[in-house]
Amino acid sequence: MENQEIKVQVNHLTKRFGDLLVLDDVSFNIKKGEFVCIVGPTGCGKTTFLNLLTRLIEPTEGEILIDGEPADPKKHSISFVFQEPSAFPWLTAQQNIEYGLKIKKRPAEEIAAQTEKIISLLGLEKYRHAYPHEMSVSMEQRVVIGRAFALNPDLLLMDEPYGQMDIKMRYYLEDEVVRLWKATGSTVLFITHNLEEATYLAERVLVLTNKPAKIKANIEVDLPRPRKVSDPEFIRIRKEITEMIKWW
Amino acid sequence: MSNNTTKLPDGVADSIKIEVAARKKESRQLLLISIISVAIFLFLWEFAVRIGWIDSKHLSAPTTIVETFIMKLSDPNPEGGVLGTHIATSLGLVLVGYGAAVVIGVPLGLLMGYYHTFDKLVSPIFEIVRPIPPIAWIPLSIIWLGIGTTAKAFIIFLAAFVPCVINSYTGVKLTPAVYLNVAKTSGASTWEMFWTVSKNYAMPLVFTGVQVALGNAWSTLVAAEMLAAIAGLGYMIQQGRLLARPDIIIVGMLTIGVIGAILTFLLSKLENHIVKWRSRS
Ligand SMILES: Nc1ncnc2c1ncn2[C@@H]1O[C@H](COP(=O)(O)OP(=O)(O)OP(=O)(O)O)[C@@H](O)[C@H]1O
Ligand SMILES: [Mg+2]
């Protein structure tokens, strides 16, 4: 992992909303193909950080570079799985998955092939023509995740995607996201409150402080996959992260 | 694990079947009650006119109305046109005025909802025009457009235009930010965000507006056809009054009602086809 090229470079990023300082001089790098989890207390600025990455909002100071260039959703292929449900209700599962590819004006054959690949990876064949209102919350979220991965994004941002889900569905989707990550080679930035989830998924965990957010710790999780939550080494790392955030 | 939407335990499926059967039976009974009450009402009406409780100059008996209806299918007398001519004239008028209102009003409302500058530009004028009832435009319409078909279609246009604009506008304004953000982070341009997100999100509300507009258009018809007409359902009613023929008036009224209902039905079919993604519970 050492001499891999850098995908995302965050330099002295600061964000204020009026007088409210949310992000305070945050700097770090993400390597190409890396799976990074960000954990931090409620309201510390996690969503704000992702919004900055995708230029939904502009930074007060600092810069974000992707492949050495300022981040730009028009140029870079970035996918965002938002915290709230975001499957387009007027599109079927399949059309939702095709959406980003169509916006990017990829060739028709590529759109078809990529969509099929994602549908079969997610086992959505039976539901390809279903609308979101006909799906359960977890099914809808799988469609959203499929839509994000379909783009083969340079960078995939996931903002507590499993926040609303029960533990069983969560385990299942965690494995699924790892599978998609492996299959597509995307760089993933995954935000969660759940430390076990972070330890299970990440190659590296960034721990944020209370607002204004700074990076409190950077913890490598060098465990083989599939990981076992009962593995002593797993438990040790999870405890280590828990120690970091006792003060939440 | 993945199959969490369709499968129901057998017991549940059975009780759903029983429930559905019970509902069907109930709705058959309700239908029967409705038919009986309508029959009694018609019978009393007929009876009251026949024995002279109600003057037949004021209200015709149901059987007379049916006779007049059948006669009007082929006989242009007394007011000068067969029913088919009146219907065709009125439908033509409404479809022109209403069609123009939908074609202009919906895009206008959608764009007003989406583009701030456009909104600021058009909203003030629209807010002034909005509360004026369509029939108040009749005198000006006559000055501008005379008393021909154009003036009538214009009045119908005005009646239908306002709900088309307002609902389309509101639909776009209500688009949740997260959908727009999905489009934006996928790299969509401002126009693509409008076209692939806001426009679609607004569609159910657009259709509600288009339905309301149809009702407005159709009910403004009678007023519009007060402008010198030689045919049309509104004209037929007016003539019925001048000729003191309540049967003609009622045939005209019922035709207006039935056609209005048919148009509404057709529109809701179209809506179900276009907005089939909407959840109906
Ligand atoms: N547009 C905005 N204007 C003003 N303040 C904002 C805005 N967006 C976020 N904030 C504030 O910034 C802080 C961080 O918000 P943010 O949504 O990034 O937190 P978060 O870490 O994602 O929280 P959660 O864990 O609840 O998702 C909060 O105090 C919030 O009130
Ligand atoms: Mg958040």
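In chain B, helix H3, residues 83–114, packs against helix H9, residues 233–242, at an angle of about 125°, and the two axes are 7 Å apart. Before I go on, please keep in mind that this is a predicted model. I start with that angle and that distance because two packed helices are described by the angle between their axes and the distance between the axes. What do we call this arrangement? H3(B) and H9(B) are oblique to each other.

Which residues meet here? On the H3(B) side they are Leu83(B), His86(B), Ile87(B) and Ser90(B), and on the H9(B) side Leu233(B), Gly234(B), Tyr235(B) and Met236(B). The residues of this contact divide into 5 nonpolar and 3 polar, with no charged ones.

Now please turn to chain A and ligand 1. How many residues surround the ligand? There are 14, and the closest are Lys46(A), Thr47(A), Thr48(A), Gln83(A) and Lys211(A). By class, this shell has 7 polar, 4 nonpolar and 3 charged residues.

Lys211(A) has a polar side-chain atom 2.7 Å from an oxygen atom of ligand 1. For Glu160(A), a polar side-chain atom lies 3.4 Å from an oxygen atom of ligand 1. Cys44(A) uses its backbone instead: an N or O atom there is 3.2 Å from an oxygen atom of ligand 1. Taken alone, ligand 1 exposes 630 Å², and the protein buries 62% of that.

Which elements give two or more residues to the shell? They are strand E2 (20–31) and helix H1 (46–53) of chain A. H1(A) gives the most, with 3 residues.

Ile57(A) sits in it, between H1 and strand E4 (61–66) of chain A. Leaving aside neighbours within four places in sequence, Ile57(A) is in contact with Lys15(A), Phe17(A), Thr48(A), Asn51(A) and Leu52(A). Take Lys15(A) from that list: Ile57(A) and Lys15(A) are 42 residues apart in sequence, but their C-alpha atoms are 9.5 Å apart in space.

Last, the backbone. Most residues other than glycine have a negative phi, and most peptide bonds are trans. Asp25(A), in strand E2 of chain A, has a positive phi, near 50°.

Where are the cis peptide bonds I want to show? One joins Lys211(A) and Pro212(A), with omega about 0°. Pro212(A) is in the loop between strand E9 (204–208) and strand E10 (215–220) of chain A. Another cis peptide bond joins Arg225(A) and Pro226(A), again with omega about 0°. Pro226(A) lies in the loop between E10 and helix H7 (232–244) of chain A.

That is the end of my part.

Notes: Residues numbered from 1 in each chain as written. Chains lettered and ligands numbered in written order. Predicted model: local features only at pLDDT ≥ 70, side-chain atom pairs only at ≥ 80, totals over all residues. Heavy atoms only, no water. Axes fitted to C-alpha atoms, helices over the stretch in contact; angles between N-to-C directions. Helix = DSSP H or I, 4+ residues; strand = E, 2+ residues; numbered from the N terminus. Parallel < 35°, antiparallel > 145°, perpendicular 65-115°, else oblique. Contact = heavy atoms within 4.5 Å. Nonpolar A, V, L, I, M, F, W, Y, C, P; charged D, E, K, R; others polar. Near = heavy atom within 4 Å. Polar contact = N/O pair within 3.5 Å; in protein donor to acceptor, adjacent residues only side chain to side chain. Areas by Shrake-Rupley, 256 points an atom, 1.4 Å probe, with all protein chains shown as cover.
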